Amino acid sequence: MIPYFKRYAKNFDYPLFFTYLFLCLFGLVMIYSASMAWSVRRYDFESDHFYKKQILNLIISVPVFLLAAIFPYKHYRKKVIMITMLVVMFVLLALVHLIGYSAGGAQSWINLGFGNLQPSELAKIIIVLYFAGVFANKASKGPIDSFNQSIAPPVTVLVLAVAFVLSEVDMGSAMILFLTAISVMAASGIKIRTFVKMSAVMVGGLAVTMPILYLVRDKFITEKRLGRIEAFLNPFEYEQGFGYQVVNGYYAIGAGGWKGLGLGQSVQKLGYLPEPQTDFIMAIIAEELGIIGVLIVIGGLGFIVLRALTIALRAEDPHARMIAAGFGSIIGIQTFINLGGLLGIIPLTGVPLPFISYGGTSVILLSLAMGILLNVSMFVKYEKTRT
């Protein structure tokens, strides 16, 4: 056991671990600062309500991260594990419609009694592991060029998963799920002609589902979503309506300047910016810590994404390459969608900022992803050292 732990410690990815740890702790501080006024108003002058709940979420994240970092990533390509993950994913996605509840306009949460679970967040992790395992098993037998045998099964799983998430009316998570799966496929070494076939099938599938989407259009085309699109096109014209959150986010960013007003000194969190501890927490960071604070967060998240892509490029094992690329894509795509909504580049979707925004499901499952990524990194480093 001693030689094993020595080898483990020698190949430990300290930069990745400490960046992850820093972002989680930084997010904890900013959640306390951003949520103080909102928490006092909602929870009978309990200013640290969200702060204490996030501490509990991080405590749960620790063993999840450590177990994922120790568990060999190669086991995820075993058929028993892949099938089990898919069953769990689809059961939870179905249960959302039976016992789930709505939050932020999307019915995507399940109350477990001791906490809440968002199955779409778990689906992101499972899709990466499933796609990486399937394509790794196919690559071990030869080039991935057969559409029917290599591409059709995972694409079918992806379409079903995205359809379930869309039925919750969770556009942001559906977008992340789809783009992440595409990233894993790109890292698999799939041939271009197969990609073309896959694109044709997706376009055809979209054409077939259009009549179905038209029949349930009232569920997707709601007043709130139309308002978000109008606010995206001209937020100041709808400042007292659906553009209220975006405009107040602009005020927070503008007030911060380079150095910010100081930690805890935000004005927008005092009732002007709704739920500032969630997807708009970067606006509070900009107001209190300025552009410097924003760059620190983006730098940390960017480092994790680049680290994941570097691990993917160095990995000789296709399975390791696809897992690293997939988890790096989740962080990168989710960060872009969050900041894009904040800055008005894209319509708001309610996607949290990784490791920074308040939320138990998000930080726990992202910790699971970071643990698996760390395990992949250590294996890649060990293989390079041995050769």
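Predicted model: local features only at pLDDT ≥ 70, side-chain atom pairs only at ≥ 80, totals over all residues.
Trainee: How many salt bridges does a search of the whole structure find?

Mentor: Side chains of opposite charge can pair when their charged atoms come close. In this model the search finds four salt bridges, and one of them joins the side chains of Arg 307 and Asp 13 at 2.9 Å, N to O. That pair links distant parts of the chain, with Arg 307 in helix H12 and Asp 13 in the loop between helix H1 and helix H2, 294 residues apart.

Trainee: Is Asp 13 buried or exposed?

Mentor: Asp 13 counts as buried because its relative accessibility is 3%, under the 20% cut-off, whereas Arg 307, at 26%, counts as partly exposed. Another salt bridge joins Lys 269 and Glu 288 at 3.0 Å, N to O; Lys 269 lies in the loop between helix H11 and H12, Glu 288 lies in helix H12, and both residues are buried.

Trainee: Which residues line the second largest cavity?

Mentor: Rolling a probe the size of a water molecule over the atoms shows where empty space is left. The second largest cavity here has a volume of about 40 Å³, and its lining includes Asp 279, Phe 280, Ile 337 and Asn 338. The lining divides into five nonpolar, four polar and one charged residue.

Trainee: Which helix gives the most to the nonpolar patch?

Mentor: Helix H12 gives the most, with three residues, to a patch of about 540 Å² made by Phe 22, Trp 258, Ile 292, Leu 295 and Ile 296. Ile 296 lies in helix H12 and counts as partly exposed because its relative accessibility is 38%.

Terms used
Residues numbered from 1 in each chain as written. Heavy atoms only, no water. 1 Å grid on protein atoms, 1.4 Å probe; cavity = no way out; pocket = protein on both sides within 12 Å on 5 of 7 lines; lining within 4 Å. Points joined across faces, edges and corners; volume = space filled by probe spheres on them. Nonpolar A, V, L, I, M, F, W, Y, C, P; charged D, E, K, R; others polar. Patch = residues over 30% accessible without salt bridge, like charges linked within 9 Å, V, L, I, M, F, W, Y side chains within 5 Å. Areas by Shrake-Rupley, 256 points an atom, 1.4 Å probe, with all protein chains shown as cover. Helix = DSSP H or I, 4+ residues; strand = E, 2+ residues; numbered from the N terminus. Buried < 20%, exposed > 50% of the residue type's maximum accessible area, 1.4 Å probe, protein only.
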